[in-house]
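These are short notes for reading the model alongside its sequence. Please keep both in view while going through the points.

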Amino acid sequence: MEIMYVMIALSLLMAVGFLIAFVWSIKNGQQEDLITPAMRILTEEKINKPL
């Protein structure tokens, strides 16, 4: 039964850690534009280099 208390405490600690990391990424602008980087490959001009 004691292992259950340890497991619950560790899972809550991990959840708080992930929440802190998520809030930090939001504040630093990591989640602002998720579409443009994926679409950039489709809109870039092709550069023809002479061989």
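1. H1 is followed by Gly 29, whose phi is positive, near 80°. This is a predicted model, in which local features need pLDDT of at least 70 and side-chain atom pairs count only at pLDDT 80 or more, while totals for chains, interfaces and linings use all residues. Residues are numbered from 1 along each chain as its sequence is written, and side-chain values use heavy atoms, with hydrogens and water left out.

2. The chain has two helices and zero strands; these are DSSP runs numbered from the N terminus (helices H or I, at least four residues; strands E, at least two). The 26 residues of H1 should span 38 Å at 1.5 Å a residue, and its end C-alpha atoms are 38 Å apart, which agrees. The expected span is 1.5 Å times one less than the number of residues.

3. Ser 25 lies in helix H1. Ser 25 counts as buried because its relative accessibility is 10% (buried is under 20% relative accessible area, exposed over 50%, partly exposed in between; 1.4 Å probe, protein chains only). Leaving aside residues up to four places away in sequence, Ser 25 touches Gln 30 and Gln 31 (contact means heavy atoms within 4.5 Å).

4. Met 1 sits in the segment before helix H1 (2-27). With 70% relative accessibility, Met 1 counts as exposed.

5. Of the 51 residues in the chain, buried residues make up 2%.
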